[in-house]
Structures are given as structure tokens and as C-alpha cells.
Amino acid sequence: MAIKIDPETRERIKRLAAARDRTPHWIMREAISQYVEREEKREALRQDGIMAWNAYHANGLHATADEADAWLAELEAGRDVEPPECHG
């Protein structure tokens with residue numbers, strides 16, 4: 001697989017590689033790897049949101065914003081508490 005990189009970006013990669021005592025190839029592989037990992041996590045989160053939205057529409061179960069805020073405040077205070085119960 002090959003990618004085309006404009007000359008300015010290619011020079012930036014070369015400079016960064018030299019500063020990090022790495023090859024340009026290593027820098028590009030690392031950048032692509034980190035990007036793919038981040039985007040996979042983002043897509044998984046998006047899919048979880050879609051599934052939760054569909055479940056809400058199917059069963060109507062939810063927690064109110066006040067309940068969620070209270071739960072998050074407990075977590076922020078360092079207390080390990082269960083999330084609020086969902087209700088219809």
C-alpha cells in the first residue's frame with residue numbers, strides 16, 4: 001500500500017524523524033496506528049450510542065438528567081457507586 005504525501009508534509013516528517021532518532025517510515029506507521037486506534041474507539045462509542053438510543057426507543061427505560069448528575073457527582077467525589085436505576 002502506498003500513499004502520496006505532499007513535499008511540505010514529507011519534509012516535516014523527515015525533520016520530526018531526525019529529532020526523534022527514528023526513520024520517517026516509523027513515524028508514519030506510528031501516526032497511522034494511533035489514528036486507526038483512536039478512530040476505532042470513536043466508532044465503537046458511536047455504535048454504543050446508537051444501540052442505547054435504539055434500546056430507549058424500544059423499551060423507554062432511562063435515567064433523568066438529575067439522577068445522572070447526582071451519580072456523576074458521587075463518582076467525582078471518589079465514591080464508587082452504582083449508576084442510577086433506569087425506569088420508564
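Q: OK, where is Ala52 found?
A: Ala52 is found in helix 2; helices here are DSSP runs (H or I, at least four residues), numbered from the N terminus. Keep in mind that this is a predicted model, where local features need pLDDT of at least 70, side-chain atom pairs count only at pLDDT 80 or more, and totals for chains, interfaces and linings use all residues. Residues are numbered from 1 along each chain as its sequence is written, and side-chain values use heavy atoms, with hydrogens and water left out.

Q: Is Ala52 buried or exposed, or in between?
A: Partly exposed, because its relative accessible area is 47%. Buried would be under 20% and exposed over 50%, with partly exposed in between (1.4 Å probe, protein chains only).

Q: What does Glu39 pair up with?
A: Arg38 forms a salt bridge with Glu39, and the closest N and O atoms are 3.8 Å apart. The cut-off is a side-chain nitrogen of Lys or Arg within 4 Å of a carboxyl oxygen of Asp or Glu. Arg38, Glu39 and Arg42 are linked in a network of such bridges.

Q: How many salt bridges does the structure hold?
A: Six. Among them is Lys41 with Glu37, at 3.4 Å, N to O. Those two are four residues apart in helix 2, so about one helical turn separates them.

Q: Which residue does Glu43 meet?
A: Arg46, in a salt bridge of 3.0 Å, N to O. Both lie in helix 2, three residues apart.

Q: Why would that spacing work?
A: An α-helix has 3.6 residues a turn, so residues three or four places apart point the same way.

Q: Switching topic: how many aromatic pairs are there?
A: One. Trp53 and Tyr56 form a tilted pair, 5.9 Å centre to centre with 35 degrees between the planes. Rings of Phe, Tyr and Trp (its six-membered ring) pair if their centres lie within 6.5 Å; planes under 30 degrees apart are stacked, over 60 edge-to-face, and the rest tilted.

Q: Is Trp53 buried or exposed?
A: Trp53 counts as exposed, because its relative accessibility is 52%. Tyr56 is partly exposed at 36%.

Q: Last one: what happens just after helix 1?
A: Asp21 takes a positive phi of about 55 degrees there.
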